[in-house]
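Good morning, colleagues. Please have the sequence and the model open while I speak.

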Amino acid sequence: MKRLILAALLAGSTALPAAAQDVTITNARLVLGDGSAPVEGGTVVIRGGRVVSAGRGGASTGGKTIDAGGRYVTPGIVAGFTRLGIVEVDGVGPTNDASARDSVFNAGLDVTAGLNPRATPIAINRTDGVTRAVVAPDNGGSIFAGQGAVIDLGNDMDAVTRPRAFQFMEWGEAGARAAGGSRPAAMAMFRNALFEAQAYGRNPASFVDRGKEALLTRTDAQALQGVLSGQVPLLIHVERASDILGVLALKREFPGLKPVLVGAAEGWTVAQQIAAAGVPVLASALADLPASFEQLAATQSNIGRMKAAGVTVGIGMIGDDEARQARLVRQYAGNLVALSKIPGAAGLDWGAAFATITSLPARAIGMESEIGTLAAGRRGDVVIWDGDPLEIGSVPTQLFIDGVEQPLTNRQTRLRDRYLVPEEQGLPKAYQR
Amino acid sequence: MIRTLTMVALAAGLVACTGDKSEVRSASADAPAGTGKGPGAGKGYDHDPYPSTYRAYPGRATLVTNVTIYDGEGGRIDKGSVLFRDGKIVEVGQSIAPADGVTVIDGQGKWVTPGIIDVHSHLGDYPSPGVEAHSDGNEMTGPVTADVWAEHSVWPQDPGFSRALTNGGVTTLQILPGSANLMGGRSVTLKNVYGRTMQAMKFPGAPYGLKMACGENPKRVYGSKGRMPSTRMGNLAVDRATWLRAKDYDRKWDKYEADGGEAPARDLAMDTLRGVLDGEILVHNHCYRADEMAIVMDMAQEMGYKVTAFHHAVESYKIADLLKARGVCSAVWADWYGFKMESYDGIGENLPILDKQGACAMIHSDDANGIQRLNQEVAKVMASAKRAGMPVTPEHAWTWLGINPARALGIDKVTGSLKAGKMADVVLWNGDPFSVYTRPQMVWVDGALLYDANNPRLRPVSDFELGQPGEGDVK
């Protein structure tokens, strides 16, 4: 079954959806997603699944025209760090493909093999405006979790936008735990893996597999080649300031590395260094508790302060129901706007907040030319909203992915419709559809 | 020790009951017949051995004017005023003349509500940082631990209390034991005011709760240990056997308290269940599935107690009519679903469907982050309600944060709404509290100003955070 899905994904991953429409949306309160403020009277033109133009004015170039009636029109939400599509029910093991504690493989694991576009959280999050997601595996017996993907949340079986888009690694406390119990052990595991991967890269044929002379399997060593060369970003979950600085030091030791920090609760305390290193961040937006000893300085002002220091920072969710609730990133971004009214806090203006859930996560993983903004050439991921998309309770009225209009129903809307009146009427509920 | 004894008794089943009965006989036999010299109902032992030492901090007489008021009971006043003094609400009305010595706050463009009440929290019992040494919320050593009291685990230095106050406007919260056990122990209701001791935070006069749980957790935890219960039917069997023992215990103590004689042996777990049977302790029952809630309500009727509220209750919407008929509340999330099998059918319209049916409902957090945004969770519910064609007014929605949780905690006579004579637990919001862009500006508990966004000295810092990175920061 999994093999079939994988084959389908590999075969179809670059094909444009068949049903892409040519659409012009006029009279929009248009949000580009690049951090700018909304503009009134905006027009978006989508042709062949891509954005042709987006801005004030602009004319239809044929196809379907939709009058947005002054409502918000935005790029689809890009959920910056999730486990969408690889988990149906967290607590039901066979439906949870996030981690593989008993596997001998680690960096070589490819999350697309576990991806199920029909997992119910896909439709539920789409209904709330999420069109793309960064999907990361969770780690098992190694600091390396495997290769993550960027996906779309369309109502089809062709979900993968970019397979093997990044490698994900646990650092800090979780990395220490996976490496055998300490941060030095995690560091040793990391260095050793990269040295072995370098050896593999020099001469793949002579690489001796795990259990003989190497700790890595060939599969894992191969997967780390892109990490070494910098073709593949290395997403690193790290929270404590000293650990963040440690990651920045790794970048100096392995110059090819393209680290992206995930979580980064104490990032604001070393924001200048992160900015100077040019390392992007997918930060937990509202983490403000000293939930662990590596998050003592956590504050909701983290993102605002990092941004002020010049860090490229989008919102990601880690350890935060990210297999099902990626849709909450809109609420999180709205809360960052709320902070701008609190003395001493660092908030974001509306446009900047919206960018943390569109263009900035896209940029963090090197996909800003494809997704996250409404600009010529970008994917046709467009949402028309019934209200301010950062305000609680606003939902899409129409949503396009690659120019294809998407259904906005899911299992939850069906349950709702069945039970609006809880009592049975005539026949058992099982007959009511 | 007591736990072990309880488990032995449970494992022995009916044998244990028979043993108890013979005890009753011998106790009665030892008592002087018909003397009527018992200590009196409820006086056989101390029901409050860890009494509250909470006292209100000093506050100024304060008049907040020009605000939109949601009173917590469904009332609303636009451009209204709230006056409180000596820790109590004095008056809530359209226009109140400022008396001498009253601090007047012009709330133009702002909102005033009662402090939020969270009926389901584990702050203090699962505090931050969440290290193993702090994991004090679940006595996972037996399926019935009605003998444990959550208050004996509360760490008053949990940094989470401050976040709930300053970001969440939460002034009262119930701390429950976890849900690993069928009967997880007693809850405690706290004022959200830091104290050196748990007792200093304890809500004066609030009744205790009993945390019960049905469904996956107890059967998973104990089934995986190869012991009962390992199924839902096992859950019920252990529950019912325990209630039968409790009824027996209750009878023995009732008789002793009335007639005197030799006091029956004390059993801390049975004390708690006796409190439930006597209506002194309120049952807060973690339960997800509609079918299970219906069974639990029948069990309560069978055994002679009442379920005050189902917590989580993600499928309450399927039986809203039954819950209404039985007068049982549901404390729910706005949008949680799918994290475990029994939460699979969670929908955003759970609370609106309950509310429309006239069943008692409220929001709850069960989460150290969620407790900081319960107003936003209600805003989600309102949006779902509107889309489903059953819109609710914001002033009505505040009952889910105000008087309804107060009722479920048995403290509605003293807090949960802005009514003259009640505790001055008050939040001034810097905008519409159902907007994502709004935060508390000031929070008073019993009339004492304990948070002011404009005053860094009024940001509580627990001992744990003192001298740490980020001490005293805006969080």
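This is a predicted model: local features need pLDDT of at least 70, side-chain atom pairs count only at pLDDT 80 or more; totals for chains, interfaces and linings use all residues.

Residues are numbered from 1 along each chain as its sequence is written, while chains are lettered from A and ligands numbered from 1 in the order in which they are written.

I begin with helix α4 of chain A, residues 183–202. Helices (H or I, at least four residues) and strands (E, at least two) are DSSP runs, numbered from the N terminus. Among the buried residues of α4(A) are A:M189, A:F190 and A:Y200; buried denotes 20 or more other C-beta atoms within 10 Å of a residue's own, exposed 12 or fewer, and partly exposed in between, with C-beta atoms placed from the backbone. The buried residues of α4(A) pack against β8, α3, α5 and α6 of chain A, a contact being C-beta atoms, placed from the backbone, within 7 Å. On the other side of α4(A), A:P184 and A:R202 are exposed.

Turning to the two chains, 47 residues of chain B are in contact with 44 residues of chain A. On the chain B side, α10(B) gives the most, with five residues.

Finally, strands β15 and β16 of chain B run antiparallel and are joined by four bridges; pairing requires at least two bridges found by DSSP. B:W444 stands opposite B:L449. The two strands form a hairpin with two residues between them, and B:D446 in the turn has a positive phi of about 50°.

Conventions: The expected span of a helix is 1.5 Å times one less than its number of residues.
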